[in-house]
Amino acid sequence: MIQTDTAVAISTPRGEGGIGVVRLSGPEAVAIGRQLFCSQHPLGQRVRRVEYGQVLAMGQPIDKGVAWVFAAPHSYTGEDTVEISCHGSMVVLESVVAEALRLGAVSAGPGEFTRRAFVNGRLDLLEAEAVIDLIQAQSKGSLDNAYGLAGGRLSQMVRALKARVVKGLALIEVGLDFSDQDIDEISRQQLRAELGEMVAEARNLADTFEGTRRRQDGYLVAMIGRPNVGKSTLFNALLGEDRAIVTPIPGTTRDRIEGLTTWSGEAIRLVDTAGIRQADDPIEIAGIERTTQALSEADIVLAIFDSSVAWCDDDRVAVDRLPSENVLVVFNKVDLPHKLDRSKLRLDASSSVDISALTGLGIDELKRAAAQRLPPRHDVGGVGITRQRHYDCLWCAIRSGESAAGLIDAGEPDECVAVELQAGLKALGEMLGEGVEEDVLDSIFSDFCIGK
């Protein structure tokens, strides 16, 4: 699909008093840009040089700024591209865009410039998808993975898998062309080995999906305890903001409350849950059931106990709801006299943390201890796959490889093996964007914001 129009959008606006960029890309970008920006050296005369001048609308100066041109094909999109940087007033930015539209440009859609980069061969689809991962990264871990994807590491791995399949198809051709020279069996043995390597490598890559996606969305850390052990106060302290209502009245929290934070560079979805106790109130019972559901989904459970109050039956009810693993015991209110008999918990308290959610004592230690219990990072070559589309394509290739290997072991004709390998090759090509339908591209780029 060749783009014949010139797209325009506001890219990376910074709001009032900041900096905003108007970006144009397409065959008329320079011609339109020259009517939007007046400088000593006309735009495009000195490619990749920053020009200082006046920003124009309807031929009248409305701002001063800088602009530059990237000539095709050496630009992000592969097309002539103009970027005009001016003050971030939305009145200025929208006036420039409106003038560009009047001069013949079209409004850029979501992900327009990255899509053009893909269409023009500047990026493959894996690299293009990684752009949105970079934009949406919520932790250093997610950012590192997205940067690896955008830099082409995953693309290199997929191309290596494709190369193995192509080599397998070449071996089949050798076997078909020279079967009368007794090298057919040798080719099949080599093919079997290539398929085994391809399937193993593709499986390793597919196995990164669940962990990488959880890491990207944020690891779920759920808090459990009987009412009034200080869960809501701790929740607010861990987030650094007042999200949960804190009162001395037991049972204030009836539903799960979620907040996003970062611990040791990893995104954390922290959940404050309804207090666990024997209850008759239908609303409170429903809240407790939702707490149980949160515990089943959690990567880590913080079991909160009030060290200033003696052991009670509701503590036992809370303990009975705890999962069998990934539990970190937290003794709260240690700034008060200790009354809790810790031996009654019958839990492994050797890795417990003493804190005071009210004073902040031990909060940093709690974050570190919890971060150390996060699921280990599982990636291949420093990257993991993040999208269902990637996972599905890999598994299509895996199934095709396994089926082809089974046909070889069963002594089936090489033509049948080739059909399976072609299916695997097609799936790996789709990961990179080869032969992808327009509706799939529409769905992928719809997640992007305007101007990217």
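Begin by selecting aspartate 133, which is buried, its relative accessible area being 7%. The model on display is a predicted one.

Arginine 387 and aspartate 133 form a salt bridge in which the closest N and O atoms are 3.3 Å apart. Aspartate 133 belongs to helix H4, whereas arginine 387 lies in the loop between helix H12 (363-372) and H13, so the pair ties together parts that are 254 residues apart in sequence.

Salt bridges that share partners also join Asp5, Glu79, Glu112 and Arg116 into one network. Within this group, select glutamate 112 and arginine 116, whose closest N and O atoms are 2.9 Å apart in a salt bridge. The two are separated by about one helical turn because they stand 4 residues apart in helix H3 (residues 112-119). Both glutamate 112 and arginine 116 are buried.

Proceed to arginine 23 and glutamate 83, another salt bridge, with the closest N and O atoms 2.9 Å apart. Here strand S2 (residues 19-25) supplies arginine 23 and strand S6 (residues 81-87) supplies glutamate 83, 60 residues apart.

The largest nonpolar core has 37 residues; Leu154, Leu191, Leu394, Val417 and Leu421 have the most contacts inside it. Helix H13 (388-409) is among the helices that each supply at least two residues of this core, and H13 gives the most, with 9 residues.

Finally, select leucine 421: leaving aside neighbours within four places in sequence, its contacts include Val165, Leu191 and Ala404. Apart from this core lies another, of 25 residues, among them Phe235 and Leu328.

Key
Residues are numbered from 1 along each chain as its sequence is written. This is a predicted model: local features need pLDDT of at least 70, side-chain atom pairs count only at pLDDT 80 or more; totals for chains, interfaces and linings use all residues. Side-chain values use heavy atoms; hydrogens and water are left out. A nonpolar core is a set of buried Ala, Val, Leu, Ile, Met, Phe, Trp, Tyr and Cys residues joined through side-chain atoms within 4.5 Å. Buried means under 20% relative accessible area, exposed over 50%, partly exposed in between (1.4 Å probe, protein chains only). Contact means heavy atoms within 4.5 Å. A salt bridge is a side-chain nitrogen of Lys or Arg within 4 Å of a carboxyl oxygen of Asp or Glu.
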